[in-house]
Amino acid sequence: ELPETGRLALYLLGLRATCPPPDPSPQRLLVTWLKYYLEEDWAGSRHHGSPLTSYYQYSLGVLALCVHRKRVREEVIRRLLDAEHHGKLGHAGGNAVDTEAVVALAFTCLERERLVGEKLATRLRAARRAVRRRMVEAQGPDGFFGNIYSTPWAMQVFIASHMCRKEPAYGRAMAALLENLDAFTTAATMAQALPALHGRSYLDIGSMRCREEPDTLTAIGPKLLTETPGNMTVRLVVECPQPQCPQPQCPQHQCPQHQLYDRLVPAPAGTSLLDVLKVATAQEPHDFTFDTQETPQGPFLSTVLGLEAQHKKRRYWQLLTHPGTSLQMGVAEYRPHDGETLILRLSEW
């Protein structure tokens, strides 16, 4: 099994933000586990030249330890520096903004808390500036850094560096974020957006003054969701892996037009892509199957028609709309439109 680096890092950040009880014993144990995972994450995959999980999770681990004011071996930090310097933080078919942002936040924290020597701090400072410069250059006409979900991460970099008032790109990103708040529907995505909306970064967690606050929470009754009336029909396509289908799951003769699956799927209007996939499994002749894996960012499409997205082989199921536009949302967030063609493609990153 892969190390739980990212999940434990997010948990420790959340735990620190909630002002835990004075007894530090439980936290110390979790910090020890995170240090262990961080070492395992890299050591178990040296022949790949990258962490077992991802640079995103690896840098989250460094950030969480720094926020808890725990030293990290300089070799661990240099691995991230080398990855940033050689442009290894991205993946095919996507962008590296969220990963670079977490790396920049980790570097800022290490320098601010003086957890590294001056020579290494100089390198961290230069890398952070390079990341920030690339973010400005990569900002799209829609105001987003990468996509809507990586934008709050990028904004935290400007906030932590005290550059948000001086950088026009930050203002454009904030305006775009405020216009698209309805895209943040899960606890994980909301947790990424809220700090930036309040002008804070995850680094502020480390300097919080925990004190007793008045109980102002008021319980309210469940709010009935308004359903979108009507139905829709979308076309669901599963492409055959390229350059050729792996044996024996996908013999070449089962891939006409390089497609393993091509059907029209009727579903209630306004439902998510995940719901569409569930409807497809219930359709006759019941030849569509899929599976998901829970992650801190929501469900991750792990298996389609028996073909698995394997992290060790750097493969993932890419979500696209016709003719080849990569979706910037997960299966639980994206809501297809009537008549839309949805494509599932097993890609490498």
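Author: The notes below take those topics in turn. This is a predicted model, where local features need pLDDT of at least 70, side-chain atom pairs count only at pLDDT 80 or more, and totals for chains, interfaces and linings use all residues. Residues are numbered from 1 along each chain as its sequence is written, and side-chain values use heavy atoms, with hydrogens and water left out.

Reader: In what order do the strands of the open sheet run?

Author: The order is β3-β4-β5, with antiparallel pairing. Strands are DSSP E runs of at least two residues, helices H or I runs of at least four, numbered from the N terminus; two strands pair if DSSP finds at least two bridges between them.

Reader: Which strands stand at the edges?

Author: β3 (290-295) and β5 (307-308); each has a single partner strand, so one side of each is left without a neighbour in the sheet.

Reader: And what is the bridge partner of Thr-303 in β5?

Author: Glu-308. β4 (residues 298-304) and β5 pair over two bridges.

Reader: Switching to helices: at what angle do α7 and α8 pack?

Author: About 145°, with the axes of α7 (residues 151-160) and α8 (residues 168-179) 10 Å apart. Axes are lines fitted to C-alpha atoms, for helices over the stretch in contact, and angles run from 0 to 180 degrees between N-to-C directions.
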